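Q: I'm new to this one. Can you walk me through it?

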Amino acid sequence: MPFFIQVILPLTLPQTFTYSVSEAEFEYLKVGMRVAVSFGKSKFYTGLVSQLHHEVPTLYEAKEIHQIIDDKPIVTEIQLQHWQWIASYYMCTLGEVFRCALPSALQLESETIISAKKDFSVNENELSDEEYLLIEALNQQSSLKISEVTSVLNKKKVFPIIQQLLAKNIITLQEEMVEEYKPKLVRYIRLFSEFNANEKLEELLLVLKNAQKQKEIVLSYFQLQASTKKPISVKELTEFSGATSATVKALIDKEIFEEYYIQEDRVSFDAVNESQIILSEPQNKALSEIETIFAEKEVCLLHGITASGKTEVYIKLIEGFLEHKKQCLYLLPEIALTTQLVSRLTKHFGNKVAVFHSKYSNNERVEVWNQVLNSSEKAQIVIGARSAMFLPFQDLGFIIVDEEHEQTFKQTDPAPRYHARDAAIVLANFHKAKVLLGSATPSIETYFNTQNNKYGLVELHERFGNAVLPEIELVDLKDSYFRKKMTGHFSQNLIDSIAEALSNGEQIILFQNRRGYSPVIECMTCGHVPQCPQCDVSLTYHKFKNQLRCHYCGYSIAKPTNCHACSSIDLTSKGFGTEQIEMELASLFPTKNIKRMDQDTTRGKYAFEKLIDSFKNREVDILVGTQMLAKGLDFDNVSLVGILNADSMLYFPDFRAFERSFQMMTQVSGRAGRSDKKGKVIIQTYNTNHNTIQQVVQNDYLSMFKEQLYERKIYNYPPYFKLIKLTLKQKDFDKLKEGSMWLYQVLKQQFDMPVLGPEEPAINRIRNEYIRTILIKIPQEKSLGNTKKTIQKILNSFESVSQFRAIKVAVNVDFY
């Protein structure tokens, strides 16, 4: 009987592959273990075993596996089922989900190793300069990796040279799997066992009587041992004794100390005495309502106004699930939010908390993965951004999706283009777990589901500790500019309010959802605006680095001194970003500490933490930022929030523009007055009577919900219709135009439902690729699964047409 395994490869191919194994390997292997397999010419990949079977593949001959990597599964069967669902629902391949889900340090790929043949003979005159250089390098070193060859030859394309040397029979190639994960080993020391007896200790001190420093270290070692009763690390001993590691090494060489290593986690939190959280009456009521709903429904929405104390309710619920030995997952939309939340949860739960997101290093992520897989005490509660949903939970009981309305829960590129909130609900279903969605401004779809009794709904209408909602003041920019009451981009009202808050020792948050200094530099003589050569977008001016930069492809140039079109020196900036606001504030309030929080200032691993900590510790007076500021941050000394231009959010070509604007402005406003004193919010706008702005002022979520629902129904948008967006990209404009039209017409003939397009998006060229989009609207009564199958068949036909093969098509289900 033949023995086969089904293997998932981290590739964009639609199918899994069958490999043959021996009977012993078949008995040893389990679903979820990794194997190294060859694919293509000679490269080895990490494959994941998804099935063991005896069926011979009909279309190809099954290759043998190269090696078994694990001794036990690193992926659970529930995870594989969840991956299958993501691949099916979001119309991507299982390999793409695998590549996204597994930390890259666990996805090994072979490296090509080049070595010279032992007794090769060659005439040096027959070698080119580059071939000679490579042979010289191999004479110095027995083998080289491709990356090393690239640096030796100082060029990217090295394979032609390698091929020439292979043809001359001078070198050999071999593939080698390299383990990327390196455990953290900490160096410890102990006395050699022979010195443990008392009489030997006296002898030891006599031996060291002339080596004073060494004697001091030994005495320090005894002191530490008496006080800590734990193994002593070299670092600990050198810090305590003030000696150098060289002195320690001398004692090791004398065989007085022996060194050994202990594996430790890179990230761990200290154990604490659990602090008790006392809930207010409204919080207690909400808690009992949620528990009642969980008895009947799997998903519940906690709709609590900003600063109503939702986090405390979450903590109480987590306590209950931990008592039943269940794992809990806490999903957040932004890495910036994990900083504050981790400190709040570790104060309460201590070392039961683990954190998982992309700012962590590869090694740190592998450690958290293993902790969750082994149901470690250190990973009973996992906090993370959307990728934390892919961890190998053994007994998941509870998922919290905080700020569930946030668009950052949706992955845009690369595939899988999943929505973490929706995928988390499905994951909970596989685990028979409960899901709590939390938000002050829920998404229309989620609130619609509560109205249809699909989800439970619990509401918190009061701020915690009787704090009152901030007073919202509108400033009419038309009137302020007309009356000359503007200083830069600040109205007189905003400047006076900032000055008053600063004089009271309070902090201020200013919101402008655009980074950089200004989005456009324009020539006042001819009107020329510098454009990105690779994208159909103007370059954004960053004054701090004195450069113009494209936010789509990263292209940058130094700020021009004169116009590129007419050489005029009369250049001016139009519009404004966070950088310009920061500079204007510095001139208005020169003695105050002003900081900026946007993508440019938070690139480092701990940049978020440093910025948030310094603001919380009141070292920063004014914080200027983009939408990063809008989400769930809790600062008790902020009394004023300023929104500098509300209109830039409102007039955006998106069916969710008004909903997003309402959410953004309400969330930013919610950062003010979170303690005893009433906060204030100033919104600068050209359109004070706009419905959405009035709804923000009145904090009237229900009116916004009803108005948006009415419009969505008329224009066939979610939650009444499902949307699938096809994005086509190609460098040849005419080929793209022809291909997108062909695809649109076939889809139009196939479906009796709205198909819109092929549309040129607002930015219709990025990285030299032209873009076209086609939108398919699927009514609720239509079968979503059958529609997707038909779309996939049409896309397969499209790919098989030779002239369209070069067009890239990305499928985005529920792209909003």
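This is a predicted model: local features need pLDDT of at least 70, side-chain atom pairs count only at pLDDT 80 or more; totals for chains, interfaces and linings use all residues.

Q: How many helices and strands?
A: The protein has 26 helices and 37 strands. These are DSSP runs, numbered from the N terminus: helices are H or I with at least four residues, strands are E with at least two.

Q: What radius of gyration does the protein have, and what would a compact globule have?
A: The protein has 31 Å. With 816 residues, a compact globule would have a value near 28 Å, which agrees. The radius is taken over C-alpha atoms, and the globule rule is 2.2 Å times the number of residues to the power 0.38.

Q: How much is buried?
A: Of the 816 residues, 51% count as buried. Buried means under 20% relative accessible area, exposed over 50%, partly exposed in between (1.4 Å probe, protein chains only).

Q: Switching to H24. What is its span?
A: Helix H24 covers residues 701–714, and its end C-alpha atoms are 20 Å apart. The expected span is 1.5 Å times one less than the number of residues.

Q: Which residues of H24 are buried?
A: Tyr 701, Met 704, Phe 705, Gln 708, Leu 709 and Arg 712. Seen down the axis of H24, they fall within an arc of 125°, so they line one face of the helix. The arc is that of the directions from the helix axis to the C-beta atoms.

Q: And on the other side?
A: Lys 706, Tyr 710 and Lys 713 are exposed there.

Q: What do the buried residues of H24 pack against?
A: Strand E13 and helices H16, H22 and H23.

Q: Which residues does Gln 708 touch?
A: Ile 444, Phe 655, Phe 658 and Glu 659, not counting residues up to four places away in sequence. Contact means heavy atoms within 4.5 Å. Gln 708 has a relative accessible area of 3%.

Q: New topic. How many disulfides?
A: The structure holds 0. A disulfide is a pair of cysteine sulfur atoms within 2.5 Å.

Note on methods:
Residues are numbered from 1 along each chain as its sequence is written. Side-chain values use heavy atoms; hydrogens and water are left out.
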